[in-house]
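Please go through the model below with me, one question at a time.

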Amino acid sequence: MIELLGWVPLIPFLGFLALVLIGGQLSRPLIAWVGVGSVGISALLVSLIGFEFLNGMMQPYQLLLGSWMTIDDMSVPLGFYLDALSMTMLFVVTGVGLLIHVYSAGFMESDPGYARFFAYMNLFVSAMLVLVLADNLVLLYLGWEGVGLGSYLLIGFWYEDPNNGYAARKAFVMTRIGDTSMAIGLFLLFTQLHTFDIQSMMLRAASQWPIGTLLPVVSAALLLGGAAGKSAQLPLQTWLPDAMAGPTPVSALIHAATMVTAGVYLIARTHGLFLLAPTVQFAVAVIGAVTLLIAGCSALAQTDIKRILAYSTISQIGYMFLALGVGAWSAAIFHLLTHAFFKALLFLAAGAVIFCFHHEHNIFKMGGLRKAMPLTFWSFMIGSAALSALPFTSGFYSKHEILLAAFEASPVLWAAGCLGALITGIYSFRLVFVVFFGAQSRDVDKGIGWRMSAPLLLLGILALFGGLLQIPLGSVFPELVNSNPDHTVNLVSAITLATPILGLLIAVLFYLTGTFSAQRLANNGWARPIWQFFLSGWGMDVLYDSLLVHPFKTISKLNKNDVVDGLYIAIAWLSRKFHHMVIMSQTGLVRWYASSMALGVVILIAIGWLS
Amino acid sequence: MNGIPMELGLLLSAVLFVLGLIGVMVRRNLIMILMSLEVMLNATGLAFIVAGSRWGQADGQIMFLLILTLAAAEVGVGLGLALQIFHRFHTLDADSVNEMQG
């Protein structure tokens with residue numbers, strides 16, 4: 001069964017081709033069957049392969065499908081590599097992907113671009129599978145760019161609105177900055193290590209490069225740039241909130257569960273390199289910690305339901321980066337897994353709310369939906385509980401592991417993580433209380449069909465109990481060194497446990513019982529600017545606008561008439577002038593010609609004489 | 001033959017050449033220009049003769065024969081052109097036939 005690994009990315013790609021080529025002629029149910037079915041077959045294959053893989057003692061399996069390109073001594077094989085890490089990612093991508101596809105079949109029912117939507121989704125899934133399966137960095141980069149393309153196409157899916165096109169371009173350009181850095185890192189690694197194969201690359205790096213020298217630091221930093229771009233980490237995080245312009249299932253699949261975690265996957269995949277560059281690894285942790293705080297604060301102030309979730313995604317990926325940075329590789333991947341469950345659940349539930357409210361995004365125009373949409377309400381409750389890591393939900397296990405590992409590395413990082421957990425508790429339950437409690441503002445006139453409720457149910461179960469899954473990543477990552485197992489850990493554990501609950505209580509006081517009024521706080525003289533600051537995502541967009549966009553526009557405006565061409569135009573103008581001057585000497589008077597010839601001869605003779 | 005020093009012969013030839021050149025430059029009538037050209041050609045011919053007689057070689061006279069032939073051909077073409085110009089423009093003034101200018 002494991003030999004069929006190559007079919008896993010191929011089938012969604014075939015689905016994409018079918019939908020692109022003849023999607024226009026197919027009936028709607030058939031489109032859904034092709035679009036969902038291709039991912040379904042993939043998921044089925046993955047579960048069969050996974051069964052065999054787990055039975056086979058998780059021996060890494062390499063599948064060589066052929067050669068992609070061979071130039072001189074550089075050869076890029078078309079090969080897949082399956083180990084516990086890629087297996088986990090396969091389960092996430094196909095499993096969560098399938099549920100979201102089923103959901104989309106209901107959500108996009110009345111959209112005119114039904115076939116186009118599923119074509120893009122299949123393309124994305126196929127590229128994502130190539131990304132996680134690739135055994136060499138070039139193939140990984142192909143998948144990396146493929147998911148970028150899928151993301152771009154789907155953010156701008158409703159392209160009639162220019163704002164959506166703008167958001168799509170913004171996402172594309174921002175991630176491109178990171179991708180360029182990653183490509184340079186890839187070239188550097190190849191020129192130094194003469195291989196693209198990830199496993200042998202890590203081995204060679206470990207044997208050739210001493211720890212902390214320049215080459216591993218530079219190449220790890222360049223890869224980190226790529227990861228930060230894709231995973232919306234500081235300083236390239238501004239694209240993700242705008243990426244919410246796409247349809248909600250897209251946000252669930254691409255901008256929460258799978259693509260944005262590709263950066264985490266990349267760093268985990270090349271962890272051997274990061275271990276050689278401790279400074280960069282520490283930078284990963286710091287980036288994660290700062291990002292999770294910044295994004296958490298921004299989520300506090302948002303009013304758009306999807307933007308809250310977007311900022312919380314940035315914040316949760318910050319936790320994963322924090323885990324990677326402190327060497328808790330398994331915890332990072334574990335959080336990736338549980339995050340995929342509960343964030344997909346939250347997005348799909350938000351999608352259900354938006355669906356029933358006819359594309360209303362403002363949470364303060366909703367309210368009291370608890371009775372009208374019980375399934376969605378409970379999904380949201382479970383998702384928010386897992387997101388804020390309340391005990392015994394899936395998010396609790398992974399986040400707890402991360403925070404304990406962070407404490408081992410540095411209490412400051414742990415404190416940042418705990419503060420982040422507090423903020424997470426506040427904003428996730430703020431969302432729940434505002435949307436689902438209080439007076440019902442509007443009647444819900446349409447229900448969600450089984451295609452939308454079944455994925456919610458399944459993801460709800462996964463988000464609740466996903467923490468009990470044991471992912472055997474010990475075969476991939478080095479053991480986490482537990483340096484000081486002293487008694488303070490108990491206290492640390494207790495604090496880590498308590499912060500989300502404290503956050504929940506604060507949210508209750510502000511948004512449920514109304515003991516304190518957030519409105520009054522926001523209108524307060526000193527709090528108002530802070531609120532605005534958080535709302536604008538810490539002014540990052542404004543900063544980049546004035547730092548990069550405006551100077552660029554000014555330069556373009558200056559260069560509107562092609563300044564560089566001026567030189568060449570001047571040369572042409574000058575030679576034309578000379579030409580006119582020479583023309584004036586052609587008078588048509590024969591006697592003049594004779595005279596000037598004589599004069600010339602006299603001058604030449606004089607020169608010859610004198611010299 | 002040895003009575004006349006070479007310098008005088010060359011001087012005469014130079015004077016004739018300059019006179020011819022001045023004629024070409026100041027005269028406007030095409031016929032007169034052609035005649036001045038003849039004077040210049042003959043001045044060079046004279047220089048060859050003088051030089052040939054100085055070293056007692058026949059080369060100078062051979063060169064003069066060549067120049068005579070050249071002059072005959074030049075006059076043939078030149079007069080033909082002058083005739084054509086007179087036919088077209090009804091004048092022999094070289095300055096008024098200045099249509100070929102930049």
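Q: In which loop of chain A is the place of A389(A)?
A: This is a predicted model, in which local features need pLDDT of at least 70 and side-chain atom pairs count only at pLDDT 80 or more, while totals for chains, interfaces and linings use all residues; side-chain values use heavy atoms, with hydrogens and water left out, residues are numbered from 1 along each chain as its sequence is written, and chains are lettered from A and ligands numbered from 1 in the order in which they are written. Helices are DSSP runs of H or I with at least four residues, strands are runs of E with at least two, and both are numbered from the N terminus. On that numbering, A389(A) belongs to the loop between α17 (374–387) and α18 (394–409).

Q: What is the phi of A389(A), a residue other than glycine, and is A389(A) buried or exposed?
A: Buried means under 20% relative accessible area, exposed over 50% and partly exposed in between, with a 1.4 Å probe and protein chains only. Because its relative accessibility is 5%, A389(A) counts as buried. Its phi is positive, near 60°.

Q: Which peptide bond is cis, with omega near 0°?
A: The loop between α8 (214–230) and α9 (239–242) of chain A holds P235(A), and A232(A) is found in that loop too. A232(A) is not a glycine, yet has a positive phi of about 55°, and at 0% relative accessibility it counts as buried. The cis bond runs from L234(A) to P235(A).

Q: Why does the pair of Y152(A) and F172(A) count as tilted?
A: Rings of Phe, Tyr and Trp (its six-membered ring) pair if their centres lie within 6.5 Å, and planes under 30 degrees apart count as stacked, over 60 as edge-to-face and the rest as tilted. By this rule there are 18 aromatic pairs over all chains. Here the ring centres are 5.1 Å apart, and the pair is tilted because the planes stand at 55°.

Q: How many residues apart in sequence are the parts that the pair of Y152(A) and F172(A) ties together?
A: Y152(A) lies in helix α5 (residues 137–155) and F172(A) in helix α6 (residues 162–193) of chain A. Both count as partly exposed, Y152(A) at 31% relative accessibility and F172(A) at 28%. The pair therefore ties together parts whose separation in sequence is 20 residues.

Q: Which charged end sits over the ring of F172(A)?
A: A charge sits over a ring if NZ of Lys or CZ of Arg is within 6 Å of the ring centre and within 35 degrees of the ring normal. The charged end of R116(A) is placed in this way over F157(A), 4.3 Å from the ring centre. For F172(A), the charged end lies 4.0 Å from the ring centre and belongs to R176(A).

Q: How far apart in space are G425(A) and P216(A), C-alpha to C-alpha?
A: G425(A) is found in helix α19 (residues 411–436) of chain A, and at 0% relative accessibility it counts as buried. In sequence, G425(A) and P216(A) are 209 residues apart. Their C-alpha to C-alpha distance in space is 38 Å.

Q: What ipTM does the predictor give the complex?
A: Chain B averages a pLDDT of 89, and 97% of its residues score at least 70, where pLDDT is the predictor's confidence in each residue, from 0 to 100. For the complex, the predictor gives a pTM of 0.77 and an ipTM of 0.84.
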